[in-house]
Amino acid sequence: FPGAGTCYQQVKRVLHAAVPDRLHGREKETGIIRQFLREHVSGHRPGSLYISGAPGTGKTACLSRVLLDCKDELAGSKTIVLNCMALSSPQGIFPAMGQQLGLPTASGREGVRRLEKQLTAQGPMVLLVLDELDQLESKGQDVLYTLFEWPRLPGSRLVLVGLANALDLTDRSLARLAAHPAGGPRLLHFPPYTKEQLSAILQERLGQVAGDTVLDAAALQFCARKVSALSGDARKALDVCRRAVEVVELEVRSQSLLKPLPGGE
């Protein structure tokens, strides 16, 4: 099967959960994030946005796409992207931020005080993106409250964008913020993908590979229907298809190895 290996490699490559040029079915959410960044970062207005949605609904991919597309617009500001899963404790967010802002190492209240002073001093806007924000939940929720209060301080230049799975994190953990005259953070929810959206995502990815289709259209529909019924997780749909291609690839390789040589008995 000459060239078959290359074909399967190409298909597996496009089925990886990388950030695509266009996020199908997330045009509305992408537009809201882009508008928020323009209003607050480019417009020099501190603020906060909380993005919720189950795993695989495109939260991180959408935000990453917008950050890439708006690179020139955000060039005058400082962008910090941190995954809270990488922290050893919720309080670890403060030294991690301080390091990104070039502040001397300080722990405890002194570190928080230095950060607060830095974020309310003159300078460019700071865009802080915190993925897996629910990892910062702690006793009394002091870490989350501190972070979401910073954009409200006089002279603040912080724009905070937090991402997490839970829809009710702000109601459950940040109820006090709602009592503030400015209210809580702006909310944006990513619903699970529908079977039509998952099918379109899979077809769009596979359409990037020239030649005969490796996965049958009926198989894609079946996969999209099953995944949408269970979770609506696009990463899961991509993973199922990629594993199916790996199975076929192994079968083809074993057949070609067992095939007799030309002229042989």
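Student: Is F94 buried or exposed?

Tutor: F94 counts as buried, at 10% relative accessibility. Buried means under 20% relative accessible area, exposed over 50%, and partly exposed in between, with a 1.4 Å probe and protein chains only. The model is predicted: local features need pLDDT of at least 70 and side-chain atom pairs count only at pLDDT 80 or more, while totals for chains, interfaces and linings use all residues. Residues are numbered from 1 along each chain as its sequence is written, and side-chain values use heavy atoms, with hydrogens and water left out.

Student: How many aromatic pairs turn up in the whole structure?

Tutor: A search of the whole structure finds one. The ring centres of F94 and W150 are 5.7 Å apart and the planes are at 65°, so the pair is edge-to-face. Rings of Phe, Tyr and Trp (its six-membered ring) pair if their centres lie within 6.5 Å; planes under 30 degrees apart count as stacked, over 60 as edge-to-face and the rest as tilted.

Student: Where do F94 and W150 sit in the chain?

Tutor: F94 is in helix α4 (residues 93-100), and W150 is in the loop between α6 (142-149) and β4 (158-164). Helices (H or I, at least four residues) and strands (E, at least two) are DSSP runs, numbered from the N terminus.

Student: And W150, buried or exposed?

Tutor: W150 is buried, with a relative accessible area of 2%.

Student: What is E116 in contact with, leaving aside its neighbours within four places in sequence?

Tutor: E116 is in contact with W150 and L153, where contact means heavy atoms within 4.5 Å. E116 lies in helix α5 (residues 108-119) and counts as partly exposed, at 34% relative accessibility.

Student: Changing topic: in what order do the strands of the sheet come?

Tutor: The order is β2-β3-β4-β1-β5, in an open sheet of five strands with parallel pairing. Two strands pair if DSSP finds at least two bridges between them. β2 (78-83) and β5 (186-190) stand at the edges with a single partner strand each, so one side of each has no neighbour in the sheet. From one strand to the next the twist averages 15°.

Student: How many bridges join β1 to β4, and which residues are partners?

Tutor: Strand β1 (residues 47-53) pairs with β4 in the parallel sense over six bridges. L49 has V161 of β4 as its bridge partner, and Y50 has G162. β1 is also joined to β5, again in parallel, by five bridges; G53 stands opposite F190 there.

Student: How many residues of β1 are buried?

Tutor: Seven of the seven are buried, so β1 is largely enclosed by the rest of the structure. G47, L49, I51 and G53 point one way from the strand, and S48, Y50 and S52 point the other way. In a regular strand the side chains alternate between the two faces of the sheet.

Student: Which strands does helix α2 touch?

Tutor: Helix α2 (residues 27-42) packs on the sheet and touches β1, β3 (126-131), β4 and β5; its direction makes about 160° with that of β5. Helix α6 also packs on the sheet, touching β1, β3 and β4, and its direction makes about 140° with that of β4. Axes are lines fitted to C-alpha atoms, for helices over the stretch in contact, and angles run from 0 to 180 degrees between N-to-C directions.
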